[in-house]
Amino acid sequence: MTTLQVYAHRLGDPNLAPGLKVTIANELRDQVEIFQTLEYPRFLATLIPVFVDILQNGNPVFQSNVPEQKLRNIILEIIYRLPQTEPLKEYAPDLCKMLMHLLKVENEDNAVVCVKIIIDLHRTFRHSLEDQVQPFLDIVQDIFRNMEQTVKDVFDIPSTPAGSATPGINPLLAASPRPNSPAAAELPESPSKPLPKSMFSFKVLTECPIIVVLLFQSHRRYAAENIMKFVPLIFQTLSLQAKPQAEASSAAQARGEVFVGVSPEIKNRSVYNDFIVAQVKTMSFLAYILRSYTAVLRPFQSQIPDFVLRLLRECPPESSATRKELLVATRHILSTDFRSSFVPNIDLLLNEKVLIGTGVTSHDTLRPLAYSMLADLIHHIRSELNPTQLYRTVYIYSRNLHDTTLAPSIQTMCGKLLLNLIDCIIRIPNK
């Protein structure tokens, strides 16, 4: 037997222990580049049927360190690393159907890899996979619909104390591993953790908007009808807020303050960060739709500033990349006539803790983007600013003008904005 046939036989052997199959799959993953030459067609013909059999006929596992889970994850990684070339084309339709099935039943970790493979397949073999566009869009819409329940289940139930080894009971998470599972014995330094279901996962939702945009660009006939379905789901998802965050915001408002950051009552900060990232990706998706389908979003225009400002306030200080993406999406929104709906919220945007956040990295890297975005907005609505807002604007941008840590181009932009504000200042009565 050839090396490939040996791998296929051993991985497909029902009597071989899952732990041994994990070792074999790891070895194959490390060598996969070796077979990406003239042997690639034979590699696909020999191993793809075995991979499909394991993934389709095996049951999804919802514990991270169980051997069956490791095996499924490694096989998906191998598929993800396969070159998207002509030999793969004949397998693409069946692979895509299998991956969409897995996307509905798998755990979070495996489903994220599934989505990435689906993106690559659609990008390379779009004509062969056109009949699978709508089924995938339907799955994404179902994930959006599940987000309200997901947020309630993750953030509204009492959490275990920080540092506890096992999280509290969560309906989104599957049962514990089998009593005799070797997971804990294999990796004592990395205890097995429950994995959320794919259809109730912030991480999976985070990956979806980019492929939806890709599909709309590649298959335009699907865009108009599906955007009508996506828009209400987008606004439903953007309206969601973790209960501890809502309570902290209300308490601060009662004191006449603005709450910025993450509530101490958020125990699982990592999951909260995933939630905010998913909402920011959804906001970027909204900004994309706004470019071509303004009329569809017009009824929701007044809601957009509230969502943007809440995300700016509640974005974790350490998540500077997430804040940057939010600022870029906001800049796209402000380049349309939807900017007029931000006028009532200009005071919050002039609050630097809200605009830039309290993180050190955000302060050092995002000020140029944030101030140029705000300057564009103020330039267009300057005639509607009251004296207090004008005073605040002049203070911020004249201070930036003297800030040597900012690039000369940003200082020039500040000078131009101040010049444009002179007429507005002159027209103030009772100076």
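Residues are numbered from 1 along each chain as its sequence is written. Because the model is predicted, local features need pLDDT of at least 70 and side-chain atom pairs count only at pLDDT 80 or more, while totals for chains, interfaces and linings use all residues; side-chain values use heavy atoms, with hydrogens and water left out.

The protein chain contains 21 helices and zero strands, where helices (H or I, at least four residues) and strands (E, at least two) are DSSP runs numbered from the N terminus. Taken along the principal axes, its C-alpha atoms fill a box of roughly 90 × 50 × 40 Å. Of the 431 residues, 51% count as buried; buried means under 20% relative accessible area, exposed over 50% and partly exposed in between, with a 1.4 Å probe and protein chains only. Among contacts (heavy atoms within 4.5 Å) with a separation of 6 or more, 77% come from residues 24 or more positions apart.

At the N-terminal end, N107 caps α6, with a side-chain oxygen 3.1 Å from the backbone nitrogen of D109.

Residues making the contact include V112, V115 and I119 of α6 and I210, I211 and L214 of α9.

Elsewhere, Q141 sits in helix α7, residues 133–156. Q141 is buried, with a relative accessible area of 2%. Not counting residues up to four places away in sequence, Q141 touches N226, K229, F230 and L233. The side chains of Q141 and N226 are joined by a polar contact of 3.1 Å; such a contact is a pair of N or O atoms within 3.5 Å, and within protein one must be able to donate a hydrogen and the other to accept it, while residues adjacent in sequence count only if both atoms are side-chain atoms.

Finally, A242 lies in the loop between α10 (223–238) and α11 (243–254). A242 counts as buried, at 0% relative accessibility. Leaving aside neighbours within four places in sequence, A242 is in contact with V151, F155, I266, Y272 and F275.
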